[in-house]
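Please read these points with the model open beside you. They take the helix contacts, then the sheet, then the aromatic residues.

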Amino acid sequence: MAEAERIIGTPDTPDAARPGQDGPGGNTAPGRRSGAEGARADGTAAGPTAAKGPAEPAGPDGATADPAGTSSRAGEPRAAGEAPAAADRPRRGRRIAVLFSVAAFAYALDLVSKLIVVARLENHAPVRILGGWLQLEAYRNPGAAFSFGEAYTVIFTVIAAAVIAVITRLARKLYSLPWAIALGLLLGGALGNLTDRIFRAPGVFEGAVVDFIAPKHFAVFNLADSAIVCGGILIVLLSFRGLDPDGTVHRD
């Protein structure tokens, strides 16, 4: 009997390793992973949900491509037709703050200068500067900038109010810093002259604007007129460059 058992052969131990089970010494049998199924050595899940696609490629200069195929880069103007991202909203708020800060500064400077001119120069001899090439004298102007259109005071008042309304509405989609400065100059200048139209003689909406800057061989104007002209020139330059108020750039 012993010889027959020796010939047939029996397992050395009753717990001999079977196919697909852990063998002696803790080694994993072929086709089976040790530990909980789907667990990795570092403790992270190894199931299908753990698989991820390749990382989003970074474009040149740190630009990251989005699923739509467009790219965004902080501080750069957007291409025409591209919708502003949520990250651009704080930037729009800063541009609006710049617009109204520039407008407030221009308006305050114009208002203070006119108060000083009325108090010190009206009914007085003009002050000559630069050998007579520039002089300061108080002048009441019922017309537009540079004494143009004196018979249309009410019309210019309405135009100034319309300009203020348009600029305020345009501020809601403002993302460009140069445009914020330009529109701020326009807004401050329009508010300065509109204040004169409303509160100065001869009456509401017919008031004469206080002008006092008189270069030789040139019309008399004030700081509000200067702000309007500077803002207008800046807008023309921005338009030639193809930059819109919302930050988009048109390349023709």
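**Helix packing and sheet**

1. In α3, residues T153, F156, T157, A160, A161, V163, I164, I167 and L170 meet L183, L186, L187, A190, L191, L194 and R197 of α4. Contact here means heavy atoms within 4.5 Å. Helices (H or I, at least four residues) and strands (E, at least two) are DSSP runs, numbered from the N terminus.

2. This is a predicted model: local features need pLDDT of at least 70, side-chain atom pairs count only at pLDDT 80 or more, and totals for chains, interfaces and linings use all residues. Residues are numbered from 1 along each chain as its sequence is written, and side-chain values use heavy atoms, with hydrogens and water left out.

3. Two packed helices are described by the angle between their axes and the distance between the axes. For α3 (residues 153-170) and α4 (residues 177-199), the axes come within 9 Å and cross at roughly 145°. Axes are lines fitted to C-alpha atoms, for helices over the stretch in contact, and angles run from 0 to 180 degrees between N-to-C directions. The crossing of α3 past α4 is left-handed (the near helix is turned anticlockwise from the far one by less than a right angle).

4. An open sheet is formed by 3 strands in the order β4-β5-β6, with antiparallel pairing. Its edge strands, β4 (127-129) and β6 (209-215), each pair on one side only. On average, neighbouring strands of this sheet are turned by 35° against each other, direction ignored. Two strands pair if DSSP finds at least two bridges between them.

5. How many bridges join β4 to β5? There are 3 between β4 and β5 (residues 134-141), and the two strands run antiparallel. V127 has L136 in β5 as its bridge partner.

6. β5 and β6 pair over 6 bridges, in the antiparallel sense; R140 has V210 in β6 as its bridge partner. Of the 7 residues of β6, 6 are buried, so β6 is largely enclosed by the rest of the structure. Buried means under 20% relative accessible area, exposed over 50%, and partly exposed in between (1.4 Å probe, protein chains only).

7. The structure holds 1 aromatic pair. The ring centres of F218 and F221 are 6.3 Å apart and the planes stand at 85°, so the pair is edge-to-face. Rings of Phe, Tyr and Trp (its six-membered ring) pair if their centres lie within 6.5 Å; planes under 30 degrees apart count as stacked, over 60 as edge-to-face and the rest as tilted. F218 is exposed, at 52% relative accessible area, whereas F221 is buried, at 13%.
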